[in-house]
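The exercises below go through one structure step by step. Work through each task with the sequence and the 3D view open, then read the solution.

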Amino acid sequence: RFLMCNLSFADFCMGLYLLLIASVDDQTKGQYYNHAIDWQTGSGCSAAGFFTVFASELSVYTLTVITLERWHT
């Protein structure tokens with residue numbers, strides 16, 4: 001149960017990342033080239049990078065532990 005909660009939290013973090021990217025895309029619709037440098041050097045891009053790496057690593061780690069636990073059982 002704990003591992004399934006970890007996996008769902010990883011999916012939630014990936015959802016936050018996707019919402020952040022979608023909202024920035026909606027705000028800069030058709031004019032991203034005017035905002036690209038500000039976005040790439042700002043805190044929003046750093047937060048998005050953190051969420052995507054954290055979610056991916058947590059998901060891989062959790063799936064590995066679930067697989068090993070199932071194999072052991």
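Ser 59 is buried, with 18% relative accessible area; buried means under 20% relative accessible area, exposed over 50%, and partly exposed in between (1.4 Å probe, protein chains only). This is a predicted model, in which local features need pLDDT of at least 70 and side-chain atom pairs count only at pLDDT 80 or more, while totals for chains, interfaces and linings use all residues. Residues are numbered from 1 along each chain as its sequence is written, and side-chain values use heavy atoms, with hydrogens and water left out.

**Exercise 1. Describe the overall form of the chain.**

Step 1. The chain has three helices and zero strands, and its pattern along the sequence is α-α-α.

Step 2. The radius of gyration is 16 Å, well over the 11 Å that the globule rule gives for 73 residues, so the chain is more spread out than a compact globule. That radius is taken over C-alpha atoms, and the globule rule is 2.2 Å times the number of residues to the power 0.38.

Step 3. Along the principal axes, the C-alpha atoms fill a box of roughly 55 × 20 × 15 Å.

Step 4. Of the 73 residues, 21% count as buried. Among contacts between residues at least 6 apart in sequence, 78% join residues at least 24 apart.

**Exercise 2. Which residues form the two salt bridges?**

Step 1. A salt bridge is a side-chain nitrogen of Lys or Arg within 4 Å of a carboxyl oxygen of Asp or Glu. By this rule there are two salt bridges.

Step 2. One joins Lys 29 to Asp 26, with the closest N and O atoms 3.2 Å apart. Lys 29 is exposed, at 61% relative accessibility.

Step 3. Another is between the side chains of Glu 69 and Arg 70, at 3.9 Å from N to O. Glu 69 is partly exposed at 35% relative accessibility, whereas Arg 70 is exposed at 59%.

**Exercise 3. How many disulfides does the structure hold?**

Step 1. A disulfide is a pair of cysteine sulfur atoms within 2.5 Å. The structure holds zero disulfides.

Step 2. Cys 5 is in no disulfide, and the nearest cysteine sulfur, that of Cys 13, is 13 Å away.

Step 3. Cys 5 is partly exposed at 44% relative accessibility, whereas Cys 13 is buried at 3% relative accessible area.

Key. Helix = DSSP H or I, 4+ residues; strand = E, 2+ residues; numbered from the N terminus. Contact = heavy atoms within 4.5 Å.
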